[in-house]
Amino acid sequence: MSTANNASDVTDALETGYRKALRLLPRTYQAQHAEEMLGVLMDGAQPGQSRPKAREVLSVAMLGLRLRLIVADAGGPTGRLAANIARRAILVYFVFEFGLLMQWNAYGARIGYSFLPVLLQAGIIVALIRGWSWCAQALCLADIAYVVNNAQWEYWSSASLFSYGGFAVFTRLFILAATIVVFHRKAPRIAGSTWWFTALAAITVAFWIRGKTVDHMWEFDNDFSHTPALPALLFAAAVVVALWRVKSSSVWPAALALAGLPVFGGTTLRYVTAWPPQLADSPRDTFYVELALGCEVVLMCLALASFAFALYRRRTTTFRSLEAP
């Protein structure tokens, strides 16, 4: 009798532990799948197991994270909208950053600059456009390893999120990690692969030519304040696209605004805290940097406006449906 009671207590404790772990999932998902998942976990438990294994809790936590980031495209219209914005923002950022990488490589190739970051970035972009999520995730992990391996331990201990170098490193790692989560294996492939490849080719050629013609660079690939004309032009083009889509959809205005934020990270911090030395004697470059900053502010405003238009359309549609006989 005592043995039976002990076994029952162990089972109850295990079930309680699993139920606590399942609370990491969104409530709507819990209501639909919690009991089924609990049954699977209980059936797979080993005899005498009294609490969930660490890997089981981690697996549930990762699923909860993905669902809360609304990347499983099962969160209704709002969830699909957030997922579409996130995927396009990440891809736009990667394409723009690839141009900056090619520009620096075109200039730095004269001193033997490594092609590895360029190859990793190109592989990630192609995999994302083609819908090869497993390949993109593997390359993102390789890129994370490359960034960590090439940063000295003294730098890691001194880098701050609010310093120029620290912001660039931590932002890069965050975006790569977000890419692994957002572009999961069930994520729909982004439409318009021909358009994406055309844009990638055009930006690559333009930035490569710019890199070959520049005389001197003060900074590295993630800071465009030393050659701001071409980036400013691209930001202005992004504003035009956002204006074109602001009333019809929130996807592109919001995606373009989000894509510009990490690109501006280091540049903005340097610009507002200390005047970049390359701009001190260059009013023209100063104008281009300020133009790009202004375009990013406009993009953020257009993103907010697109959400306001979407909310207005939803309310209008609901009101009309209620008035219909």
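Met62 is located in helix α3 (residues 54–68), helices being DSSP runs of H or I with at least four residues, numbered from the N terminus. The model is predicted, and local features require pLDDT of at least 70, side-chain atom pairs pLDDT 80 or more, while totals for chains, interfaces and linings use all residues. Residues are numbered from 1 along each chain as its sequence is written, and side-chain values use heavy atoms, without hydrogens and water.

With a relative accessible area of 40%, Met62 is partly exposed (buried is under 20%, exposed over 50%, partly exposed in between; 1.4 Å probe, protein chains only). Together with Leu58 and Leu65, Met62 forms a nonpolar surface patch of about 270 Å² accessible area. Patch residues have over 30% relative accessible area and no salt bridge, and nonpolar side chains are joined within 5 Å; a salt bridge is a side-chain nitrogen of Lys or Arg within 4 Å of a carboxyl oxygen of Asp or Glu.

Seven aromatic pairs are present (ring centres within 6.5 Å; planes under 30 degrees apart are stacked, over 60 edge-to-face, the rest tilted). Among them, Tyr93 and Phe94 form a tilted pair, because their planes are at 50°, with centres 5.7 Å apart. Both Tyr93 and Phe94 are buried.

The pair of Phe96 and Phe235 is edge-to-face, with centres 5.7 Å apart and planes at 75°. This pair links Phe96 in helix α4 (residues 76–108) to Phe235 in helix α10 (residues 229–245), 139 residues apart. Phe96 is buried at 10% relative accessibility, and Phe235 is buried at 6%. Ring pairs join Phe96, Phe207 and Phe235 into a cluster.

Terms used: Patch = residues over 30% accessible without salt bridge, like charges linked within 9 Å, V, L, I, M, F, W, Y side chains within 5 Å. Areas by Shrake-Rupley, 256 points an atom, 1.4 Å probe, with all protein chains shown as cover. Helix = DSSP H or I, 4+ residues; strand = E, 2+ residues; numbered from the N terminus. Phe/Tyr/Trp six-rings, centres within 6.5 Å; stacked < 30°, edge-to-face > 60°.
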